[in-house]
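Student: I would like to go through this model term by term. Please hold each label against its cut-off.

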Amino acid sequence: MFFPMVILKLIDWIIYQLLANSCYRALRKMRRNFYAIVLRSSQQQQQQQLFPTITKCGLDSRGSQHAHIVTDFHGVLLRTHSFFPYFMLVAFEGGGILRAFLLLLSCSFLWLLDYEMKLKAMIFISFCGLKTKDMDNVSRAVLPKFYLENLNVEAYEVLASAGTKTLLTSLPRVMVEGFVKEYLSVDDVFGTELEVNGKRFSGFVSQNGLLVKHRALKEHFGDKKPDIGLGTPSFHDQLILSLCKEGYIVNVKDAENIKNGNNKVTMRRENYPKPLIFHDGRLAFLPTPAATLVMFLWLPLGVILAIFRISVGFLPFQIGTPLGILAGVDLTVKGDTNWESNDPQNKKKGILYVCNHRTLVDPVFISISLAKPVTAVTYSLSKMSEFISTIRTVRLTRDREQDGLTMKKLLSEGDLVVCPEGTTCREPYLLRFSSLFAELSDEIVPVAVNAKATMFYGTTASGLKCLDPLFFFMNPRPGYIVHFLGKIPKEMSCGAGGKSSWEVANYIQKQLANTLGFECTSLTRRDKYLMLAGNEGIVGDNNNNNNNDNKKKKSAGFSYF
């Protein structure tokens, strides 16, 4: 009996010592951080006087096209100083929801770590076991949207006016290099290098460790000095600026600017260095720790609500529509919804509804707005989406002649919905319209649709398409605006008006763009998938692989989803 009691007391003492020491270390860490913050703030106030602010950087009068500029990324080109949202995007979009949840949990101890350990911890959680291919997709298709939305206008204007641009960052180089070279025309990028084992990241930084920015600057330039340096008031950036001929401080107080109504530091969409037409990923918000926590708290209720919202679509319109609205779906219908065919030879002939393509459920909301069933054509719809679809869907073959006959037959039986863009587009742009629909009927009603998503996007190019409807309806308040524009004039049709199919398609595209406030483009489905997913976006049908590119582009434009 004596021996077990001794063992228990020994274990109790060890646990006590571990807890006491850990609490003591935590308190010491908190005290050091407190004094460090106070000391750093006082130092920054003194150091800010050493270098002028970026507003004093006048490049126009010095021939800036020959100037060599060096800049940091976070806190300079980006208005946000926090790394967390961008690591969360990598973890969620590249690694999945479990990895994202683990990164969120890490916030409970990250604040106790110093800068270097905190960054290494986030790198390990976000990258350990992550495929290099998945990271390439995230850096190409997901991160640019959030970088552009947080781009500092003043810093970008100085950077854009310089001739040669060099960027230094402590972030992994793979997270920023693609964006800054594609959108900001940066020549050289120096960042933290990560270890790669085979086709996956190990989660550890290379042997050189995190990038020491002032050391990298010395190694790159040697005895020469770059003309201009941009940095934050931090001590490490002060070292970089001291190695440049001229140094300027970027210190944007976003909260005060927004509060005072000053949006000069925020870049408007029309002023983006390069138009952002395509992007991928599920998250529709910048995942700060607080916003990410809200998302995970919402997820269980969101899944239940999404299932309920989808289920009520199978009920009669008089019952299902009110229940959907009570469940939080926001539907706005504009224009006349009572349309009938004027064809005296076939009274059953339906109306051809032509709409732009925002999500998978565009035709479903058109059907709900009309309060009657319609048919939609598709060729790239997943089995799951086809199963839960509340309207009839008919698959096409990508053969123009055969698809035309199929759609004519469907029109003779009732109303038909087509999306001539051939794929979804999230941003305020319209892709090129395929012209086949214009040859089918003169009874055409353009429909302008727009979807609202605040938490999750209901479309994806590289993810699981079968989950698209679920993610859309998981939004706290998914919204749709359906605007019926009325039948096109007879003189603008192919039959009675003698117009070519391309003239009709372009006319309707411009009508929809003007109504929605969107911009027309000549891009196609193929362009989107090559940019976002590295493929041509053809799903499940390999019978026509020998078709030329032009035929693919045209046949790709008839799809519903």
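This is a predicted model: local features need pLDDT of at least 70, side-chain atom pairs count only at pLDDT 80 or more; totals for chains, interfaces and linings use all residues.

Tutor: Residues are numbered from 1 along each chain as its sequence is written, and side-chain values use heavy atoms, with hydrogens and water left out.

Student: Why is His279 called buried?

Tutor: Buried means under 20% relative accessible area (1.4 Å probe, protein chains only). His279 has 5%, so the label holds.

Student: What makes the pairs of His279 with Arg426 and Glu427 polar contacts?

Tutor: A polar contact is a pair of N or O atoms within 3.5 Å; within protein, one must be able to donate a hydrogen and the other to accept it, and residues adjacent in sequence count only if both atoms are side-chain atoms. The side chains of His279 and Arg426 are joined at 3.2 Å. For His279 and Glu427 the value is 2.5 Å. Both values meet the cut-off, so both pairs carry the name.

Student: Why is helix α2 described as largely enclosed?

Tutor: Helices are DSSP runs (H or I, at least four residues), numbered from the N terminus; strands are E runs of at least two. Ten of the twelve residues of α2 (84-95) are buried, so the rest of the structure largely encloses this helix. Among them are Phe84, Tyr86 and Gly94.

Student: How do you know that β1 and β2 pair?

Tutor: Two strands pair if DSSP finds at least two bridges between them. β1 (68-72) and β2 (164-172) have five, in the parallel sense. So they qualify.

Definitions and conventions
Buried means under 20% relative accessible area, exposed over 50%, partly exposed in between (1.4 Å probe, protein chains only).
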